[in-house]
Amino acid sequence: MIWEKYEKCKSVMDETALISKVGENWDFYLGDQWKSTANRQVNTGGMNLPSLNIIKPTVKFQVSTIAQNSFIPTFNDPTMKYPNEVAALNRLLQKEWRVGKQKARSWEVIKTALVEGDSYQYCGTQDPKDDQVISTTNIFFGDESNPNIQEQPYIMIRERLLVSQIKEMATVPKSELYKISADSDKEFVFGDYVKDIEDKATSI
């Protein structure tokens, strides 16, 4: 069931060539615009081509312009009936905002969105330090034609995890765990997330 949904969403992503477009965007951002890929062949003729990177400083300037106006969400009660509870919630939120380094995360989300076109933040546990910045190539929506994320029938996240982690989370019988093994499926990993190590596999 999950795999069928993943294959359906992946086919939509493949049709738009999103992975190759995002990869090209990261190449230009990192100053590697002359690199030949499966979708971009560059014949330099042996010449040393110019490599002045004007994209990276432009992105950094845009990120700083947007993100320098930091903010912290606050709770409020229009009825004014629960001032103590609201104050306690705001203290807790401010504490977890600092613990989760949300200011730095916001810079990361904005930078990734400027390079890729979209970026997401996923808060999957109660630990604010577990928040993840999700690349646009690693999130799948059940209805790609609907921009309202609250109306999505399902959302799937793809990531690279250690095989040992996947085995711990797996719900299959222990006798089947040996089938979970490392792979080299890293075509969707870009930019700051490109560093990978052995003994990792793709997890949905």
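What follows is a chat about aromatic pairs and backbone angles in a predicted model.

Biologist: How many aromatic pairs turn up in the whole structure?

Modeller: A search of this predicted model finds four aromatic pairs. One of them joins Y6 and F140, an edge-to-face pair with 5.4 Å centre to centre and 85° between the planes.

Biologist: Where do Y6 and F140 lie?

Modeller: Y6 is in helix α1, while F140 is in strand β3, which covers residues 139–141.

Biologist: Is Y6 buried or exposed? And what about F140, buried or exposed?

Modeller: Y6 has a relative accessible area of 4%, so it is buried. F140 counts as buried too, at 0% relative accessibility.

Biologist: Which residues do ring pairs link into a cluster?

Modeller: W3, Y6 and F140.

Biologist: OK, over to helix α2. How are the rings of W26 and Y29 arranged?

Modeller: Their centres are 5.5 Å apart and their planes stand at 90°, so this pair is edge-to-face. Both residues lie in helix α2, three residues apart, and that is about one turn of the helix.

Biologist: Let's talk charges. What does the charged end of K5 sit over?

Modeller: The ring of Y154. The charged end of K5 is 4.6 Å from the centre of that ring.

Biologist: Where is A17?

Modeller: A17 is in the loop between α1 (2–15) and α2 (18–29). A17 is partly exposed, with a relative accessible area of 31%.

Biologist: And K101, what is its phi?

Modeller: K101 is not a glycine either, and it has a positive phi of about 50°. K101 is found in the loop between α4 (83–99) and α5 (102–116).

Biologist: Is K101 buried or exposed, and why do you say so?

Modeller: K101 counts as exposed because its relative accessibility is 60%, and the cut-off for exposed is over 50%.

Technical notes:
Residues are numbered from 1 along each chain as its sequence is written. This is a predicted model: local features need pLDDT of at least 70, side-chain atom pairs count only at pLDDT 80 or more; totals for chains, interfaces and linings use all residues. Side-chain values use heavy atoms; hydrogens and water are left out. Helices (H or I, at least four residues) and strands (E, at least two) are DSSP runs, numbered from the N terminus. Buried means under 20% relative accessible area, exposed over 50%, partly exposed in between (1.4 Å probe, protein chains only). Rings of Phe, Tyr and Trp (its six-membered ring) pair if their centres lie within 6.5 Å; planes under 30 degrees apart count as stacked, over 60 as edge-to-face and the rest as tilted. A charge sits over a ring if NZ of Lys or CZ of Arg is within 6 Å of the ring centre and within 35 degrees of the ring normal.
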